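Subject: Structure handover

Hi,

Here is the structure for you to look at. My notes come after it.

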Amino acid sequence: MLKVYGSSLCPDCRASERNFDRYGIERTFCDITKDLRCLKEFLKLRDENEAFRNVRGSGSIGIPALLLEDGTVTLDWEGYLKDQGLEPLQEEQAPACSLDHPGNC
(Lines give C-alpha, C1' and ligand atoms only; values in the text may rest on other atoms or scores of the structure.)
Protein backbone atom coordinates (compact mmCIF):
# COMPACT_ATOMS: atom_id res chain seq x y z
CA MET A 1 0.00 0.00 0.00
CA LEU A 2 1.08 3.58 -0.67
CA LYS A 3 2.55 5.33 2.37
CA VAL A 4 2.58 9.12 2.56
CA TYR A 5 4.84 10.99 4.98
CA GLY A 6 3.61 14.50 5.65
CA SER A 7 2.14 16.88 8.16
CA SER A 8 -1.35 18.18 8.79
CA LEU A 9 0.37 21.58 9.12
CA CYS A 10 1.69 21.49 5.54
CA PRO A 11 -0.46 23.05 2.79
CA ASP A 12 1.07 20.78 0.13
CA CYS A 13 0.33 17.71 2.23
CA ARG A 14 -3.27 18.76 2.80
CA ALA A 15 -3.71 19.35 -0.96
CA SER A 16 -2.28 15.92 -1.77
CA GLU A 17 -4.55 14.27 0.80
CA ARG A 18 -7.63 15.98 -0.68
CA ASN A 19 -6.62 14.72 -4.11
CA PHE A 20 -6.02 11.17 -2.88
CA ASP A 21 -9.41 11.24 -1.14
CA ARG A 22 -11.08 12.57 -4.28
CA TYR A 23 -9.77 9.65 -6.31
CA GLY A 24 -10.24 7.03 -3.60
CA ILE A 25 -6.53 6.20 -3.41
CA GLU A 26 -5.82 3.90 -0.49
CA ARG A 27 -2.82 4.89 1.55
CA THR A 28 -1.37 5.19 5.00
CA PHE A 29 -0.72 8.77 6.08
CA CYS A 30 2.13 9.19 8.56
CA ASP A 31 1.90 12.62 10.17
CA ILE A 32 5.48 13.46 11.14
CA THR A 33 4.31 16.28 13.42
CA LYS A 34 1.97 14.10 15.47
CA ASP A 35 3.68 10.70 15.67
CA LEU A 36 7.27 10.23 16.83
CA ARG A 37 7.49 6.80 15.15
CA CYS A 38 6.50 8.37 11.83
CA LEU A 39 9.02 11.18 12.31
CA LYS A 40 11.83 8.69 12.97
CA GLU A 41 10.86 6.61 9.92
CA PHE A 42 10.74 9.74 7.78
CA LEU A 43 14.11 11.07 8.99
CA LYS A 44 15.79 7.73 8.27
CA LEU A 45 14.25 7.68 4.80
CA ARG A 46 15.22 11.32 4.18
CA ASP A 47 18.80 10.73 5.31
CA GLU A 48 19.31 7.63 3.17
CA ASN A 49 17.18 7.92 0.03
CA GLU A 50 18.43 9.61 -3.15
CA ALA A 51 15.00 11.14 -3.81
CA PHE A 52 15.84 13.67 -1.08
CA ARG A 53 19.25 14.62 -2.47
CA ASN A 54 18.13 18.10 -3.61
CA VAL A 55 16.00 18.65 -0.51
CA ARG A 56 18.72 18.04 2.04
CA GLY A 57 20.35 21.35 2.85
CA SER A 58 17.86 23.39 0.79
CA GLY A 59 15.67 24.59 3.66
CA SER A 60 12.82 22.32 2.59
CA ILE A 61 11.57 19.32 4.53
CA GLY A 62 10.67 17.05 1.62
CA ILE A 63 7.00 16.43 2.29
CA PRO A 64 4.72 15.09 1.15
CA ALA A 65 6.92 12.10 0.44
CA LEU A 66 5.33 9.06 -1.14
CA LEU A 67 6.74 5.61 -0.46
CA LEU A 68 5.40 3.34 -3.19
CA GLU A 69 4.72 -0.36 -2.76
CA ASP A 70 7.91 -1.26 -4.68
CA GLY A 71 10.04 0.86 -2.31
CA THR A 72 10.40 3.81 -4.69
CA VAL A 73 10.20 7.25 -3.11
CA THR A 74 8.83 10.30 -4.90
CA LEU A 75 8.26 13.84 -3.73
CA ASP A 76 6.01 14.57 -6.71
CA TRP A 77 2.47 13.68 -5.66
CA GLU A 78 1.00 15.41 -8.71
CA GLY A 79 3.26 13.37 -10.98
CA TYR A 80 2.18 10.24 -9.13
CA LEU A 81 -1.48 11.03 -9.88
CA LYS A 82 -0.70 11.77 -13.52
CA ASP A 83 1.15 8.44 -13.79
CA GLN A 84 -2.10 6.82 -12.62
CA GLY A 85 -4.00 8.62 -15.40
CA LEU A 86 -5.56 11.09 -12.94
CA GLU A 87 -5.57 14.86 -13.16
CA PRO A 88 -4.62 16.68 -9.94
CA LEU A 89 -7.32 18.96 -8.58
CA GLN A 90 -6.13 22.53 -8.99
CA GLU A 91 -6.62 24.75 -5.98
CA GLU A 92 -5.79 28.28 -5.05
CA GLN A 93 -2.10 28.71 -4.28
CA ALA A 94 -1.65 27.69 -0.67
CA PRO A 95 0.92 29.35 1.56
CA ALA A 96 4.27 27.64 1.29
CA CYS A 97 6.02 25.74 4.07
CA SER A 98 9.38 27.24 3.17
CA LEU A 99 10.09 30.95 2.87
CA ASP A 100 12.92 30.26 0.40
CA HIS A 101 11.07 27.77 -1.77
CA PRO A 102 7.45 28.87 -2.31
CA GLY A 103 5.07 25.97 -2.68
CA ASN A 104 7.66 23.44 -1.55
CA CYS A 105 7.60 21.87 1.90
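Predicted model: local features only at pLDDT ≥ 70, side-chain atom pairs only at ≥ 80, totals over all residues.

Residues are numbered from 1 along each chain as its sequence is written, and side-chain values use heavy atoms, with hydrogens and water left out.

Strand E1

Helices (H or I, at least four residues) and strands (E, at least two) are DSSP runs, numbered from the N terminus. Strand E1 covers residues 2-6, and five of the five are buried, so the rest of the structure largely encloses it. Buried means under 20% relative accessible area, exposed over 50%, partly exposed in between (1.4 Å probe, protein chains only).

E1 has two partners to look at. Strands pair if DSSP finds at least two bridges between them. E1 runs parallel to strand E2 (residues 27-31), with five bridges. There, Gly 6 is bridged to Asp 31. With strand E3 (residues 65-67) the pairing is antiparallel, over three bridges. Val 4 sits opposite Leu 66 in E3.

Cores

A nonpolar core is a set of buried Ala, Val, Leu, Ile, Met, Phe, Trp, Tyr and Cys residues joined through side-chain atoms within 4.5 Å. The largest has 12 residues, among them Tyr 5, Cys 30, Phe 42, Phe 52 and Val 73. Helix H2 (residues 36-48) gives the most to this core, three residues. A second, separate core has nine residues, including Ile 25, Leu 66, Tyr 80 and Leu 81.

Ring pairs

Rings of Phe, Tyr and Trp (its six-membered ring) pair if their centres lie within 6.5 Å; planes under 30 degrees apart count as stacked, over 60 as edge-to-face and the rest as tilted. The whole structure holds three aromatic pairs. Tyr 5 and Phe 42 have ring centres 6.0 Å apart and planes at 40 degrees, so this pair is tilted. Tyr 5 is in E1 and Phe 42 in H2, 37 residues apart. Both are buried: Tyr 5 at 4% relative accessible area, Phe 42 at 1%.

Phe 20 and Tyr 80 have centres 6.2 Å apart and planes at 90 degrees, so they are edge-to-face. Ring pairs also link Tyr 5, Phe 42 and Phe 52 into a cluster.

Best wishes
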